[in-house]
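Here's a friendly walk through one protein model, starting with a sheet and moving on to its pockets.

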Amino acid sequence: MISRARTTLVATAAATALALTAGLAVTGAQASPDRHEGGKGAAAWTAAWAAAPQRPSTGFKPNWSEAGFDGQTLRQVVRVTEGGDRARIRLSNAYGTSPLRIAGATIARTKRDASASASVQEGSVRRLTFGGERAVSIPAHGQLSSDAAGLDLDAFESVTVTLHLAGTTGPATFHAQSFATSYRAVGDHTADTGGRAFRESTESWYYLSGVDVGTGSGKPAKRDGVVLFGDSITDGFASSTDRDRRWSDALAERLAAAGDQRPVLNSGIGGNLVLNDSAWYGEKSAHRFTRDALNLPGAGTVVVLQGVNDIGFSETDKPTYKPAPVVSARELINGHRELIRQARAKGVRVVGATLLPLGGSDHYGKHSAAVSDAFNRWVRTSGEYDAYVDFDKALADPADPERIAPAYDSGDHLHPNDAGYRAMARAVDLKTL
């Protein structure tokens with residue numbers, strides 16, 4: 001196994017400029033996801049939650065990405081898998097075509113009362129700054145980390161990030177399938193503890209690509225974070241909304257129960273492909289792997305589960321399943337070899353996963369079944385990944401191994417249900433991480 005005491009990722013320099021827009025001081029800055037604030041007592045950051053950015057699209061469910069925001073406040077709830085005494089957020093304008101102006105932002109602990117939608121704990125609201133300023137402009141295609149905010153957080157605690165978007169944003173960089181509720185209100189409600197003003201909701205995340213935590217000790221963060229990289233199965237499709245039932249959640253909970261609590265980060269995108277970019281489902285894996293997995297602060301291991309869309313989209317003729325070339329096992333394997341190469345170049349341990357059974361789904365056919373079998377044999381026997389996890393075996397129906405076991409099937413014969421995602425977490429040999 002590769003030691004957790006890896007050399008920390010090299011932070012890239014950020015350029016900062018000041019401008020005045022309509023009398024409001026706006027800081028224009030662009031920073032890498034793993035940038036640290038310097039100086040005595042600076043936090044050594046560890047990613048505690050992550051989401052992979054996507055270009056605006058209609059998505060699986062109605063969302064606000066194509067219209068964007070106009071004089072509104074956006075409130076988003078996420079669960080961190082690492083604790084600390086300070087926090088920062090990472091924002092992405094990766095697919096924006098103009099600067100994104102954030103007029104104000106706060107972070108707070110989420111109110112635990114399930115009936116208190118969009119509410120936060122009183123006394124926990126922290127005003128976020130960016131280079132010392134409350135307002136910021138993120139360049140088109142840029143990304144930015146906030147300054148540190150003093151906020152004690154425990155692992156598995158829910159936090160609420162609130163952004164005031166005073167102007168018209170245009171189409172919004174987002175993460176389509178959150179399986180968590182986000183809220184918006186008219187006007188500036190960043191400091192609100194109650195949720196009464198937030199009368200609209202959706203199941204996507206916007207602009208928010210990460211929450212990092214630190215201890216303020218100035219010591220280098222351990223690189224023991226586990227990143228799960230893949231498609232809708234990693235993303236948590238068909239898991240229970242607002243219940244944190246993805247397999248990333250289950251794995252984080254299992255590690256903690258085993259006395260090895262550490263961050264588990266979800267970098268799945270529903271519909272994502274290994275070999276091709278998609279207008280609906282994100283850039284292909286090799287194009288986004290560094291940004292969404294390898295560069296996350298504290299990442300030490302990545303688990304790759306991907307390929308079912310590459311082989312399955314050609315089995316049906318849905319408009320969103322484009323491009324849909326017929327893909328060979330060799331092509332899919334070569335795509336995974338590129339991910340292995342990138343991970344090794346960064347000094348990150350990389351674990352492969354067999355594809356889940358897909359019999360009975362709209363991705364299933366003679367060709368996809370044959371390629372899936374060949375690919376899974378390669379994962380198990382080639383030794384090219386540092387280790388592997390056999391989801392095919394763990395979730396197969398004993399009576400028909402081509403299909404997911406009924407107890408684990410969400411109903412579409414492709415995605416697990418909550419029990420299936422827990423079974424995936426149980427299938428991992430924790431020593432391989």
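Strand E4 and strand E14 (residues 182-186) run antiparallel, with 5 bridges joining them; two strands count as paired if DSSP finds at least two bridges between them. Strands (E, at least two residues) and helices (H or I, at least four) are DSSP runs, numbered from the N terminus. Across from Arg184 in E14 you'll find Leu74. Zoom out, and 6 strands make an open, antiparallel sheet in the order E8-E7-E12-E4-E14-E15. Strand E8 (126-127) and strand E15 (200-202) are its edges, each pairing on one side only.

A quick word on the source: this is a predicted model, where local features need pLDDT of at least 70 and side-chain atom pairs count only at pLDDT 80 or more, while totals for chains, interfaces and linings use all residues. Residues are numbered from 1 along each chain as its sequence is written, and side-chain values use heavy atoms, leaving out hydrogens and water.

Now the pockets (on a 1 Å grid over the protein atoms alone, open sets of points where a 1.4 Å probe fits, with protein on both sides within 12 Å along at least five of seven lines; lining residues have an atom within 4 Å of a point). A volume is the space filled by probe spheres set on the points.

| Pocket | Volume | Lining |
|---|---|---|
| Largest | about 670 Å³ | 15 nonpolar, 11 polar, 11 charged residues |

E19 gives the most to the lining of the largest pocket, with 4 residues. In the second largest pocket, Phe60, Gln177, Phe237, Tyr281 and Tyr321 lie nearest the centre.

Terms used:
Ala, Val, Leu, Ile, Met, Phe, Trp, Tyr, Cys and Pro count as nonpolar, Asp, Glu, Lys and Arg as charged, and the others, Gly among them, as polar.
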